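Good morning, everyone. Please have the sequence and the model open while I talk.

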Amino acid sequence: MTETIKADDERAAPCAGLRIGDVAPDFSARSTTGDVRLSDYRGRWLILFSHPADFTPVCTTEFIALAEAAGEFEERDCALMALSVDSLFSHFAWLRLIRDRYEIEVRFPILEDPTLVIGRAYGMVAPNDSDSAAVRTTFFIDPSGVIRAMTCYPANVGRSTPEMLRTLDALQAVDDGPVLAPANWAPGEALLAQPDASLDTVFSAQGQTDWFMKETRRGASK
Ligand code: BEZ
């Protein structure tokens, strides 16, 4: 069993170089909704994402957009969990301002990671950076705790909530059978069949591309 990382741990964890297919390292930390432990989310999807700093313009737009879409993630049985180096009381003050100014309550947990121990373990910050204002990293973690997709955006470009939902829809659709989600796939559109890697299939296929490019069932509409 791997050791649970604690957000107040003074030891600097090395940048883990996590990859798709790795089990997401467990951790516990204080958050705006109380103490959280990553492994408590087993059994449902989880999007864990870092943001450079509270009280910054792009981050504020991301949190408003995600809070507005919270019900859509919930419909997909997916929890949201944010993380930054800022203190819990900074998070509280920022969420209060967002509520008062933009009339939206951010109810998903925002973790404090004062020593960057979680951020470094997840490769959200460069190992030797003294602050976390580098990247917006997003991890899509499946119900068994496995990292299924990752994205990394710079501090000056905000993430797309529709693309986060689409990625989640695609990951859930391909889990329903041996199918593939093509470029720009959206729920309700055709998925592709896994190619059958045999020479007999190649030579007996009717069309030129049928042996590797074949539409199959549609993903459920949302
Ligand atoms: C922003 O969220 O606007 C931001 C955060 C860190 C650096 C630059 C911009």
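**The model as a whole**

This is a predicted model. The average pLDDT of the protein is 90, and 90% of the residues score at least 70.

Now the build. The protein has 6 helices and 11 strands. Its C-alpha trace spans about 65 × 40 × 30 Å along the principal axes. Of the 222 residues, 44% are buried. The protein exposes about 11600 Å², and carbon and sulfur atoms supply 53% of that area.

How do the contacts run along the chain? Take those between residues at least 6 apart in sequence: 67% of them join residues at least 24 apart.

**Around the ligand**

Next, the ligand. Which residues are around it? They are P52, T56, P57, V58, C59, R136 and A155. By type, the shell divides into 5 nonpolar residues, 1 polar and 1 charged.

Which element gives the most to this shell? That is helix 1, residues 57-68, with 3 residues.

Let's look at the backbone there. A backbone N or O atom of P57 lies 3.3 Å from an oxygen atom of the ligand. For V58, a polar backbone atom is 2.7 Å from a ligand oxygen. For C59, the distance from a polar backbone atom to a ligand oxygen is 2.9 Å. And the cover? On its own, the ligand has 260 Å² of accessible area, and the protein covers 74% of it.

Start with G21. Find it in the loop between strand 1 (5-6) and strand 2 (27-29). Is G21 buried, partly exposed or exposed? Its relative accessible area is 47%, so G21 counts as partly exposed. Leaving out residues up to four places away in sequence, G21 touches V146 and I147. Compare L38: G21 and L38 are 17 residues apart along the chain, and their C-alpha atoms are separated by 17 Å.

E103 is not a glycine, yet its phi is positive, about 55°. Where does E103 lie? Look in the loop between helix 3 (88-102) and strand 6 (110-112). The relative accessible area of E103 is 74%, so this residue is exposed.

Now L116. This residue is not a glycine either, and its phi is a positive value near 65°. L116 sits in the loop between strand 6 and helix 4 (117-121). Is L116 buried or exposed? The cut-off for buried is under 20% relative accessible area. L116 has 6% relative accessibility, so it counts as buried.

But E103 is exposed, whereas L116 is buried.

Terms used
Residues are numbered from 1 along each chain as its sequence is written. This is a predicted model: local features need pLDDT of at least 70, side-chain atom pairs count only at pLDDT 80 or more; totals for chains, interfaces and linings use all residues. Side-chain values use heavy atoms; hydrogens and water are left out. A residue is near a molecule or strand if one of its heavy atoms lies within 4 Å of it. A polar contact is a pair of N or O atoms within 3.5 Å; within protein, one must be able to donate a hydrogen and the other to accept it, and residues adjacent in sequence count only if both atoms are side-chain atoms. Accessible areas come from the Shrake-Rupley method with a 1.4 Å probe; for residues, only the protein chains shown count as cover. Helices (H or I, at least four residues) and strands (E, at least two) are DSSP runs, numbered from the N terminus. Ala, Val, Leu, Ile, Met, Phe, Trp, Tyr, Cys and Pro count as nonpolar, Asp, Glu, Lys and Arg as charged, and the others, Gly among them, as polar. Buried means under 20% relative accessible area, exposed over 50%, partly exposed in between (1.4 Å probe, protein chains only). Contact means heavy atoms within 4.5 Å. pLDDT is the predictor's confidence in each residue, from 0 to 100.
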